Amino acid sequence: MFDDDVASKSLGIDLSEAADGRAVARMRVTAEMVNGHGIAHGGFLFLLADTAFACACNSHGPVTVAAGAEISFVTSARLGDELVATAEERTRYGRNGIYDVTVRRGAEVIAEFRGRSRTLSRS
């Protein structure tokens with residue numbers, strides 16, 4: 001799935017791990033990602049977290065998509081920051097799942113994301 005993810009790859013997101021309901025993705029904040037306040041635009045932080053979430057929930061095999069997600073911004077990311085998003089499965093039930101993603105700069109938490117997944121039925 002990640003091999004065909006043009007959006008994530010165009011932002012320089014690198015996937016370093018994806019297996020067993022877990023995924024780790026990295027992204028460096030570039031000048032194109034900084035908003036008028038001089039900090040990383042929240043949409044890019046969401047996209048990084050969402051990419052890790054997507055890779056974690058698709059690591060089981062069947063095609064799985066987001067049913068919903070929310071993010072809490074803890075602190076700002078800045079130009080040049082190397083961000084790491086770690087997604088971990090919390091539970092799967094039926095065709096649904098819940099995943100938590102923490103976005104960090106080093107040891108510092110930048111954002112917390114929770115995603116809800118839905119595995120598509122085979123038609």
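Close-up 1. Arginine 28 is found in strand S2 of a predicted model, in which local features need pLDDT of at least 70 and side-chain atom pairs count only at pLDDT 80 or more, while totals for chains, interfaces and linings use all residues. Residues are numbered from 1 along each chain as its sequence is written, and side-chain values use heavy atoms, with hydrogens and water left out. Strands (E, at least two residues) and helices (H or I, at least four) are DSSP runs numbered from the N terminus. The side chain of arginine 28 meets that of glutamate 82 in a salt bridge, with N to O at 3.0 Å; the term stands for a side-chain nitrogen of Lys or Arg within 4 Å of a carboxyl oxygen of Asp or Glu. This pair links distant parts of the chain, since glutamate 82 is in strand S4 and arginine 28 in strand S2, 54 residues apart. Arginine 28 counts as partly exposed because its relative accessibility is 45%, and glutamate 82 counts as partly exposed at 32%. Buried means under 20% relative accessible area, exposed over 50%, and partly exposed in between (1.4 Å probe, protein chains only). The C-alpha atoms of arginine 28 and leucine 47 are separated by 13 Å, the two residues being 19 apart along the chain.

**Close-up 2. The loop residue aspartate 20.** Aspartate 20 lies in the loop between strand S1 (14-19) and S2. Its phi is positive, about 50°, although the residue is not a glycine. Most residues other than glycine have a negative phi. With 69% relative accessibility, aspartate 20 counts as exposed.

Close-up 3. Buried residues of H2 include Leu45, Leu48, Ala49, Phe53 and Cys57. The largest nonpolar core has 27 residues, and those with the most contacts inside it are Leu48, Ala77, Leu83, Val101 and Val103. Two or more residues of this core come from each of strand S2 (22-28), H2, S4, S5 and S6. H2 gives the largest share, 8 residues. A nonpolar core is a set of buried Ala, Val, Leu, Ile, Met, Phe, Trp, Tyr and Cys residues joined through side-chain atoms within 4.5 Å.

**Close-up 4. Strand S5 between its pairing partners S4 and S6.** Strand S5 (residues 96-105) is mostly covered, with 7 of its 10 residues buried. S5 pairs with strand S4 (residues 82-93) in the antiparallel sense over 9 bridges, and 10 bridges join S5 to strand S6 (residues 108-119), also antiparallel. Two strands pair if DSSP finds at least two bridges between them. Aspartate 100 in S5 is the bridge partner of glutamate 88, and valine 103 stands opposite alanine 111 in S6. The hairpin of S4 and S5 has 2 residues between the strands, and glycine 94 in the turn has a positive phi of about 60°. The hairpin of S5 and S6 also has 2 residues between the strands; there, glycine 106 takes a positive phi near 65°.

**Close-up 5. Salt bridges of strand S5.** The structure holds 9 salt bridges. In one of them, the closest N and O atoms of aspartate 81 and arginine 105 are 2.5 Å apart. Aspartate 81 lies in the loop between S3 and S4 and arginine 105 in strand S5, so the pair ties together parts 24 residues apart in sequence. Aspartate 81 is buried at 14% relative accessibility, whereas arginine 105 is partly exposed at 22%. Aspartate 100 and arginine 114 also meet in a salt bridge (2.6 Å, N to O). Because aspartate 100 is in S5 and arginine 114 in S6, this pair ties together parts that are 14 residues apart in sequence. Aspartate 100 counts as buried at 15% relative accessibility, and arginine 114 as partly exposed at 37%. Salt bridges with shared partners join Glu17, Arg22, Glu88, Arg90, Asp100 and Arg114 into one network.

**Close-up 6. A nonpolar surface patch.** Val63, Val65 and Leu120 make a nonpolar surface patch of about 240 Å². Patches are made of residues with over 30% relative accessible area and no salt bridge; like charges are joined within 9 Å, and nonpolar side chains (Val, Leu, Ile, Met, Phe, Trp, Tyr) within 5 Å. Accessible areas come from the Shrake-Rupley method with a 1.4 Å probe, and for residues only the protein chains shown count as cover. Valine 65 is in strand S3 (residues 64-73) and is partly exposed, with a relative accessible area of 35%.
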